[in-house]
Amino acid sequence: MEMASTPRTVEEIFKDYTARRTAIVRALSQDVDEFYGLCDPDKENLCLYGHPNETWEVTLPAEEVPPELPEPALGINFARDGMNRRDWLSLVAVHSDSWLLSVAFYLGARLNRNERKRLFSLINDLPTVFEVVTERKPVKDKPTADSGSKSRGGTKRSSDGQVKSNPKFADDGYEDEDDEHSETLCGSCGGNYNADEFWIGCDIRERWFHGKCVKITPAKAESIKQYKCPSCSLRRGRP
């Protein structure tokens, strides 16, 4: 319906993705007043489409079943007047991100594993529509043990064997401007958090420690179901 020829390579699919994304970002930012007016709650189920020629459209969903491409969220207009305008635009942005990814990976169904990984990497280097609309800043990636660094961003294992992240280091995936990792101190030496060092958390006291201070390496931490710091270990058996 939209495409003269179906994108097949990673580069072609990424070009299609960026064009559709550009269109949707424009609808939710530069053209937001026009977009808002078109999403009349009294109309039928409406969808926001981003097209490969970088134009956007608010219209009814495709009639053919199954559709030629995955369809965007249906009925975005119905919630418009029942929500705060900014919240509603954010919701549309989240659904649009999901749709953009679904279209990209639908088109990439015949890509091999490495090509799919490369496609996602290219997509992931761009801010999401949600990030653009809400003006949020993505957190910069920290080195991990899996990438050859000693740091695990402050990981530990709980009693049920699940890996936990230090809530001080990872909240909802975004950073506040005044949120400083340096506020977290090692429970052993009192040193500040350093992203280049491995840290481990005590499951009993919810305190964090340099791995080197408590003689725990990233490899050893993988086998620990519940970590107790030296102080908590000494308390065992006391009345």
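**Reading the labels in this model**

User: Where does Leu111 lie?

Analyst: Leu111 sits in the loop between helix 3 and helix 4. The model is predicted.

User: Why does Leu111 count as buried?

Analyst: A residue is called buried under 20% relative accessible area. Leu111 has 7% relative accessibility, so Leu111 counts as buried.

User: Which residues does Leu111 touch, leaving out those up to four places away in sequence?

Analyst: Leu111 touches Arg8, Val10, Ile13, Arg116 and Leu119. Contact here means heavy atoms within 4.5 Å. The C-alpha atoms of Leu111 and Thr9 are separated by 7.7 Å, although these residues are 102 residues apart along the chain.

User: What makes helix 3 and helix 4 roughly antiparallel to each other?

Analyst: The axes of helix 3 and helix 4, the latter made of residues 113-124, cross at roughly 155°. Angles over 145 degrees count as roughly antiparallel. The pair therefore takes that label. The two axes come within 11 Å, and the crossing is right-handed.

User: Which residues of helix 3 and helix 4 meet?

Analyst: From helix 3, Leu101, Ala104 and Phe105 take part; from helix 4, Arg116, Leu119, Phe120 and Ile123. Among these, Arg116 and Leu119 are also touched by Leu111.

User: How many disulfides does the model hold?

Analyst: The count is zero. Cys47 is in no disulfide: its nearest cysteine sulfur, that of Cys39, is 9.9 Å away, against a limit of 2.5 Å. Cys186 is likewise in no disulfide, with the sulfur of Cys189 nearest at 3.8 Å.

User: Are Cys47 and Cys186 buried or exposed?

Analyst: Cys47 has a relative accessible area of 1% and is therefore buried. Cys186, at 3% relative accessibility, also counts as buried. The threshold in each case is under 20%.

User: What is the geometry of the peptide bond from Val65 to Pro66?

Analyst: The bond is cis, with omega near -10°. Most peptide bonds are trans. Pro66 is in the loop between strand 2 (56-59) and helix 3 (85-107).

User: What are the phi value and the setting of Lys215?

Analyst: Lys215 has a phi near 60°, again positive in a residue other than glycine. Lys215 is in the loop between strand 6 (208-210) and helix 6 (218-221). At 69% relative accessibility, Lys215 counts as exposed.

User: How do you know that the side chain of Asp203 makes a polar contact with the backbone nitrogen of Tyr227?

Analyst: The Asp203 side chain reaches that nitrogen at 2.8 Å. Asp203 is found in the loop between strand 5 (199-201) and strand 6. With 13% relative accessibility, Asp203 falls under the 20% cut-off and therefore counts as buried.

User: Why does Glu44 count as exposed?

Analyst: Glu44 has 60% relative accessibility and therefore counts as exposed, the cut-off being over 50%. Glu44 lies in the loop between helix 2 (32-38) and strand 1 (47-50). Not counting residues up to four places away in sequence, Glu44 touches Leu60, Asn77 and Phe78. Glu44 and Pro61 are 17 residues apart in sequence, and 9.9 Å lies between their C-alpha atoms.

User: How many helices and strands does the chain have, and in what pattern?

Analyst: The chain has seven helices and six strands. Along the sequence, the pattern is α-α-β-β-α-α-α-β-β-β-β-α-α.

User: What share of the chain counts as buried, and what share of the contacts joins residues 24 or more positions apart?

Analyst: Of the 239 residues, 37% count as buried. Among contacts with a separation of 6 or more, residues 24 or more positions apart account for 61%.

Note on methods: Residues numbered from 1 in each chain as written. Predicted model: local features only at pLDDT ≥ 70, side-chain atom pairs only at ≥ 80, totals over all residues. Heavy atoms only, no water. Buried < 20%, exposed > 50% of the residue type's maximum accessible area, 1.4 Å probe, protein only. Helix = DSSP H or I, 4+ residues; strand = E, 2+ residues; numbered from the N terminus. Polar contact = N/O pair within 3.5 Å; in protein donor to acceptor, adjacent residues only side chain to side chain. Axes fitted to C-alpha atoms, helices over the stretch in contact; angles between N-to-C directions. Parallel < 35°, antiparallel > 145°, perpendicular 65-115°, else oblique. Left-handed = near helix turned anticlockwise from the far one by under 90°.
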